[in-house]
Every structure is written in structure tokens, then in C-alpha cells.
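Colleague: I am new to this structure and would like to learn how to read it feature by feature. Could you take me through it slowly?

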Amino acid sequence: MSDNAMHHPLLYEVNTRCWLRELSEECGRPVRLDNVPGSEIRAWQELGFTHIWLMGVWPTGPLARAKAMADQQRRQYSEALPDWKTEDVLGSPYAIADYRVAAGLGGEAGLAHFRKNLHEHGLKLILDFVPNHLGLDHLWVRERPGLFVQSAGSV
């Protein structure tokens, strides 16, 4: 364990979807949470990180993706990234459809395996639960609308 880890936690926030896509390209095979190369975790450990925060592990749904693909958004994507493709847009990680790990990332079993690997290297895992990050696809939007502030433009 690094000297830093003994005194102060050091958090590394990972955009999970982007990170796994990049790792898949580097490895030439699909990489999900259950088959992340050990070298990746060791590198974090060697840099002195103590906690890994996986951002964007929760799934988004088709309504959230449709909003993300609206004409105005498409124009903004094209201005920022002229070579973007529709498959690049999954929906915002702040428009959560459910608090289960997205199947495409390895699901709950993949997360359990990843967490075990982190712990074996002395690292801890952080995931967030932020109720105001619920997306249009979350069941609570339909089943418990009283939980949300309503406006004339509400879905």
C-alpha cells in the first residue's frame, strides 16, 4: 500500500462505459467487468489509488436514449465530434432506468467479480445512488409520480 493510501484516500472516477469500450479495443476482445485485465487494476494500485468509483454502471432506457438523440443534441454532437456515430450514444448516465448493473457491462455477477478483484489488490469500490438521476424509463416515473416535481412539460 502506498504512503498516500495510509493517510488519505485517493479516489479515481471511471466513466465505465467509455473505459470498457477503450479496453475492448486495446485488447481486441470484449471486456466487461468480469474480465478486466489484472494489469489495469494493478496500474491503479501502483498509482496510489485506494477507491475506484464506477460512474455509469446503471442502465439507461430507450426513452432516455431518444431524448439524447433529438435533433438539437445531434447538432451539438456533430459540432463537438464530427465523426460521431449513433451507436456512440447510449443515453446519459444521469438518466438511470434501474439500479441494476447494465447487462452489457457484465451485470450483477460481473460487478461482484470486479469488486472481488479490486479487494484482492487492496482497492475499494464506490457506486452511487442519486435519486434525482432517475431517467424517463425508470418505473418510479410511472408507478410513483408523486416522488417527482411536476411541470407543464412533464412526460
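Modeller: Let us begin with a single residue, keeping in mind that the model is predicted. His-133 has a relative accessible area of 17% and is therefore buried, because buried means under 20%.

Colleague: Where is His-133 found, and which residues does His-133 touch, not counting those up to four places away in sequence?

Modeller: His-133 is found in a loop, the one that runs between strand E3 (124-126) and helix H7 (139-143). Leaving aside residues up to four places away in sequence, His-133 touches Tyr-94, Ala-95, Ile-96 and Tyr-99.

Colleague: Let us turn to charged side chains. How many salt bridges does the structure hold?

Modeller: The general idea is that side chains of opposite charge can pair when their charged atoms come close. In this predicted model, the structure holds three salt bridges. One of them joins the side chains of Arg-32 and Asp-34, with 3.3 Å from N to O, and another is formed by Asp-98 with Arg-100, where the closest N and O atoms are 2.4 Å apart.

Colleague: Are Arg-32 and Asp-34 buried or exposed, or in between?

Modeller: Arg-32 is partly exposed, at a relative accessible area of 32%, and Asp-34 counts as partly exposed as well, at 31%. In the other pair, Asp-98 is partly exposed with 25% relative accessibility, while Arg-100, with a relative accessible area of 46%, is also partly exposed.

Colleague: Which side chain meets Glu-120 in a salt bridge, and where do the two residues lie?

Modeller: The side chain of Glu-120 meets that of Lys-116, at 2.8 Å from N to O. Both residues lie in helix H6 (residues 107-120), and they are four residues apart, which is about one turn of the helix. Glu-120 has 52% relative accessibility and so counts as exposed, since exposed means over 50%.

Colleague: Finally, how should I read the largest pocket, and how many residues line it?

Modeller: A pocket can be described by its space, its lining and the classes of residue found there. The largest pocket has about 620 Å³ of space, and its lining is made up of 23 residues, with Arg-17, Arg-21, Asp-88, Val-89 and Leu-90 lying nearest its centre. Helix H2 (residues 16-27) supplies the largest share of that lining, namely three residues. Sorted by class, the lining of the largest pocket holds eleven nonpolar, six polar and six charged residues.

How values were computed: Residues are numbered from 1 along each chain as its sequence is written. This is a predicted model: local features need pLDDT of at least 70, side-chain atom pairs count only at pLDDT 80 or more; totals for chains, interfaces and linings use all residues. Side-chain values use heavy atoms; hydrogens and water are left out. A salt bridge is a side-chain nitrogen of Lys or Arg within 4 Å of a carboxyl oxygen of Asp or Glu. Buried means under 20% relative accessible area, exposed over 50%, partly exposed in between (1.4 Å probe, protein chains only). Contact means heavy atoms within 4.5 Å. On a 1 Å grid over the protein atoms alone, a cavity is a set of points where a 1.4 Å probe fits but cannot get out, and a pocket is an open set with protein on both sides within 12 Å along at least five of seven lines; lining residues have an atom within 4 Å of a point. Grid points are joined across faces, edges and corners, and a volume is the space filled by probe spheres set on the points. Ala, Val, Leu, Ile, Met, Phe, Trp, Tyr, Cys and Pro count as nonpolar, Asp, Glu, Lys and Arg as charged, and the others, Gly among them, as polar.
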